[in-house]
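Welcome! Please take a look at it first, and then read on.

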Amino acid sequence: MKRTITILALTVLLATGCSKVEMNQLFRITPYLQMENKGPETLADDIIAYSFYADTVHWRLASWDDAIAGRLTKRIATGMRSDTIYYDILTGQDATTHELVCGPLLDQPVIIVLCDREHKIYGWRQVPTAANMDETYVNVRFRPWKPEVRYDEAKWTMVNEFITISDLDDLDDHGELEPRP
């Protein structure tokens, strides 16, 4: 009887304790471009993405130059070379589906950075990674018409640091850019 209980206990331990936990997640991002408020959305071209094994509490994107170079800066600088880190994974855009496939993400936390090279808009998001989760599908929208330098877009922080005062002067009563003659 004692032997049967021991064998049963070992079987339960092996069945529950030996399941393999893997961090091997892909983030599939479909980027869209909307050129005017309430205008049509099209699939965005010329987008690149970087993934960093870092968090937004300790690291930040300081500028467009950092975003396009795949570089994060420590929020509290110490004057050391380690105040800057470069991307862990560079992601290209699939020419057929326009998807950006970030990964495999093997650790956490992860910051994903996207750059629209044509419109010079970049965005970032700290993403959750989960064990034994294969793929996560996410959409992101680049909106060059937005009158803000920095805005939130469905959990993404988007930055258009090249928007000019003259662009802001051209806003109509609804906050949209008026066409220039």
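Two strands count as paired if DSSP finds at least two bridges between them. Helices (H or I, at least four residues) and strands (E, at least two) are DSSP runs, numbered from the N terminus. This is a predicted model, in which local features need pLDDT of at least 70 and side-chain atom pairs count only at pLDDT 80 or more, while totals for chains, interfaces and linings use all residues. Residues are numbered from 1 along each chain as its sequence is written, and side-chain values use heavy atoms, with hydrogens and water left out.

**The chain as a whole**
- There are three helices and 13 strands in the chain.
- Of the 181 residues, 38% are buried (under 20% relative accessible area; exposed is over 50%, and partly exposed lies in between, with a 1.4 Å probe and protein chains only).
- Among contacts (heavy atoms within 4.5 Å) with a separation of 6 or more, 62% link residues 24 or more positions apart.

**A three-stranded sheet**
- S4, S5 and S6 form an open sheet in the order S4-S5-S6, with antiparallel pairing.
- Its edge strands, S4 (59–60) and S6 (84–86), each pair on one side only.
- Two antiparallel bridges join S4 to S5 (residues 71–74), and Trp59 has Lys74 in S5 as its bridge partner.

**Two nonpolar cores**
- A nonpolar core is a set of buried Ala, Val, Leu, Ile, Met, Phe, Trp, Tyr and Cys residues joined through side-chain atoms within 4.5 Å.
- The largest one has 21 residues, and Ile29, Ile112, Leu114, Phe142 and Trp156 have the most contacts inside it.
- Strands that each supply at least two residues of this core include S1 (25–34), S9 (110–116) and S11 (135–142).
- A second, separate core of 15 residues includes Phe52, Ala54, Trp59 and Tyr122.
- Beyond its neighbours within four places in sequence, Ile29 is in contact with residues including His98, Cys102, Ile112, Val138 and Trp156.

**Around Met35**
- Met35 lies in the loop between S1 and S2 (41–43).
- Its relative accessible area is 48%, so Met35 is partly exposed.
- Leaving aside neighbours within four places in sequence, Met35 is in contact with His119, Pro144 and Trp145.
- Met35 and Lys146 are 111 residues apart in sequence, yet 8.9 Å apart in space, C-alpha to C-alpha.

**Around Tyr87**
- Tyr87 sits in the loop between S6 and S7 (89–91).
- Tyr87 counts as partly exposed because its relative accessibility is 33%.
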